[in-house]
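Morning, everyone. Let me put the structure up, and then I'll walk through it.

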Amino acid sequence: MMKKIITAFSLALWLTADAYAESYAFITNQLDDNVSVLDLNQQRVIEKIAVTGKPAGVAVNQPMRRVYISTPQGGGFAVLDSENLQLIETVEVGGASLGIAVDRLGERVFVADWYENTVDTFDTASLSHIKKIQVGRSPSGMIVSPDNRWLYVANRMDDSISQIDLSTLKIRNTTKVGEHPFGLTVSSDGRRIYSANVESDDVTVLRPDHLKRVATVKVGSRPYAVALALNDSRLFVTNQDDSSVSVIDTETLEQIAEIEVGEKPEGISTHPDDRQVYVANWFDGTVSVIDAKTLEVTETIVAGEGSRAFGEFIIK
């Protein structure tokens, strides 16, 4: 009997590992001018792809198996093939691109320009420019709603979030949040938007209807980016100046833990298993892996110099 249980357990582990066998994390190493590719099954770097222009932001296009990298000093973005792990093309935008996001169908990529206060929209098949949208000052983090109706943009210097209608590519609403919002995420049902506010050391929780504020939750020093895990029950927030990650219970909207990671954590994304959370540490050049259930760091992986990985950086 015991042998059967062990065999079944081993099979389950094998099936789980096999399901995510080709899941990769793409970590931008700004000071190295490259992108490290982490095989999440092996938990190690398997490739480094040269990308000039001080790569910072990341967005993944699951349907097309593409990865987009913003290059603030290159004035645009790079397109990577996530299967061959090669640079395919670079696209010029102008100004200083930082935040980058893809719609849920993989048809359009959005690039935020820090100095021009705009979001540029590109067709992912042809990489042709569709439209330039004027937003608030210093747009940074962006996220598309799960129903593909809205694009949310954090306007850092305006302390606001804009909601863009993806059918018209026009702003529907803009609302004030905490000071200097940067990273954004949205719940899988689309009913909550979370904003990490760098200068007020808190997270603003909004509802999509007229961007109504639900709560403000205090976290660590200089929160930068956010990610959800465990069926959206926990929100993880990187705190740059504390070298830590705050954990928020999304039901009570209270901080329940603070986990020490590498120095100056920035980008954060959740593994497709919805349990392992990956954190890019800028000053250490490493990636910390957090178990969302036990709230412990289970692995630290060397990535490169100046690891930022701002955006959704895991493809499955």
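**Strands and pockets**

E12 and strand E13 (residues 150-155) pair in the antiparallel sense, over four bridges. Strands here are DSSP runs of at least two residues, numbered from the N terminus, and two strands pair if DSSP finds at least two bridges between them.

A word on the basis. This is a predicted model, where local features need pLDDT of at least 70, side-chain atom pairs count only at pLDDT 80 or more, and totals for chains, interfaces and linings use all residues. Residues are numbered from 1 along each chain as its sequence is written, and side-chain values use heavy atoms, with hydrogens and water left out.

Back to the hairpin. Ile-143 has Tyr-152 in E13 as its bridge partner. Five residues sit between the two strands, and there Asn-148 takes a positive phi near 65°.

Is E12 enclosed or open? Six of its six residues are buried, so E12 is largely enclosed by the rest of the structure. Buried means under 20% relative accessible area, with a 1.4 Å probe and protein chains only.

Now the loop between strand E11 (129-134) and E12: Ser-138 is found there. Ser-138 is buried too, with a relative accessible area of 8%. Leaving aside neighbours within four places in sequence, its contacts (heavy atoms within 4.5 Å) include Trp-114, Asn-117 and Arg-156.

Next, the largest pocket. A pocket is an open set of points on a 1 Å grid over the protein atoms alone, where a 1.4 Å probe fits, with protein on both sides within 12 Å along at least five of seven lines; lining residues have an atom within 4 Å of a point. The space in this one is about 1,100 Å³, counted as what is filled by probe spheres set on the points, which are joined across faces, edges and corners. It has 44 lining residues, with Arg-104, Ile-143, Thr-185, Thr-270 and Glu-312 nearest its centre. E12 gives the largest share of the lining, five residues.

The second largest pocket has a volume of about 220 Å³. Its lining has 13 residues, and among those closest to its centre are Trp-114 and Arg-308.

Last, a sheet. Five strands form an open sheet in the order E7-E6-E5-E4-E28, with mixed pairing. Strand E7 (86-92) and E28 are the edges, each pairing on one side only. E4 and strand E5 (residues 66-71) are antiparallel over four bridges. Val-58 stands opposite Ile-69 in E5.

How values were computed. Buried < 20%, exposed > 50% of the residue type's maximum accessible area, 1.4 Å probe, protein only.
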